[in-house]
Every structure is written in C-alpha cells, then in structure tokens.
Amino acid sequence: MVILEQRIFDYYRHKIRHKIKHPYEVTQVILFDSAPRYIACHDQQTAILVDEAISQLKQSNLYQQILLDAEQGKYNTQYVEH
C-alpha cells in the first residue's frame, strides 16, 4: 500500500509511464478534504514579485492550459522557460 497526495502520485506515474510494461491498477480514496495552499516569503519585496507573477500568469492562456492539463493528469514540465 502506498499513501500519497494524488497530484504528486500522478506526476511521478506520468514521468515513469514509459518504463512500466503493465500498469498497476490504482484505487484512489479521498482521505481528507481539500486544503488551501499558501506561499510564504521571507521579505515583502519577494512577496510582491510573487504576487505580480501569479497575477500575470492567471491572465495568460498558459494558465488555462496548465489547469486543463492538470485536470487530465498531464504534467508538462516544459511550461517553464529556462
């Protein structure tokens, strides 16, 4: 038995999918209600920059695509520009 947060499990399962010949059957059970997620910053300037970046992302088409992909269990790490 493995207990893991669903999105983390889906991310790693997707990452190793090409290595698995016969996928295991997975039973998902919700143990806890959804909880809010927060970002904490040590200084006010960093918090301002993070808020601005998140606001810009939410106004973009990329944000909607990320949400749609996540709902379908697709986790694309190529979204991040290097």
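## Pockets and their linings

Helix 2 (44-58) and helix 3 each contribute two or more residues to the lining of the second largest pocket, where helices (H or I, at least four residues) and strands (E, at least two) are DSSP runs numbered from the N terminus. This is a predicted model, in which local features need pLDDT of at least 70 and side-chain atom pairs count only at pLDDT 80 or more, while totals for chains, interfaces and linings use all residues. Residues are numbered from 1 along each chain as its sequence is written, and side-chain values use heavy atoms, with hydrogens and water left out.

A pocket is defined on a 1 Å grid over the protein atoms alone, as an open set of points where a 1.4 Å probe fits, with protein on both sides within 12 Å along at least five of seven lines; a cavity is a set from which the probe cannot get out, and lining residues have an atom within 4 Å of a point. Grid points are joined across faces, edges and corners, and a volume is the space filled by probe spheres set on the points.

The second largest pocket is lined by Arg7, Arg37, Ile39, Ile54, Leu57, Lys58, Tyr63, Ile66, Leu67 and Ala70. Helix 3 gives the most to this lining, with four residues.

In the largest pocket, the lining consists of 23 residues, and those nearest the centre are Leu4, Glu5, Gln6, Gln28 and Val29. Helix 1 (6-15) and helix 3 (61-71) each supply at least two residues of that lining, and helix 1 gives the most, with four residues.

| Pocket | Volume | Lining residues by class |
|---|---|---|
| Largest pocket | about 1,000 Å³ | 13 nonpolar, four polar, six charged |
| Second largest pocket | about 460 Å³ | seven nonpolar, no polar, three charged |

## The chain as a whole

The chain exposes about 8,200 Å², of which carbon and sulfur atoms supply 56%; accessible areas come from the Shrake-Rupley method with a 1.4 Å probe, and for residues only the protein chains shown count as cover.

## Charged pairs

Side chains of opposite charge can pair when their charged atoms come close. The structure holds two salt bridges, each being a side-chain nitrogen of Lys or Arg within 4 Å of a carboxyl oxygen of Asp or Glu.

One of them joins the side chains of Glu5 and Arg37 at 3.7 Å, N to O. Because Glu5 lies in the segment before helix 1 and Arg37 in the loop between helix 1 and helix 2, this pair ties together parts that are 32 residues apart in sequence. Glu5 is partly exposed, with a relative accessible area of 32%, while Arg37 counts as exposed at 58% relative accessibility.

The other salt bridge brings together the side chains of Asp10 and Arg13 at 3.3 Å, N to O. These two residues are three apart in helix 1, and therefore about one helical turn separates them. Asp10 counts as buried, at 10% relative accessibility, whereas Arg13 is partly exposed at 34%.

## Contacts along the chain

Arg13 and Pro23 are ten residues apart in sequence, with their C-alpha atoms 9.4 Å apart in space. Ile39 lies in the loop between helix 1 and helix 2 and counts as exposed at 61% relative accessibility; Ile39 and Val50 are eleven residues apart in sequence and 8.8 Å apart in space, C-alpha to C-alpha.

Terms used. Ala, Val, Leu, Ile, Met, Phe, Trp, Tyr, Cys and Pro count as nonpolar, Asp, Glu, Lys and Arg as charged, and the others, Gly among them, as polar. Buried means under 20% relative accessible area, exposed over 50%, partly exposed in between (1.4 Å probe, protein chains only).
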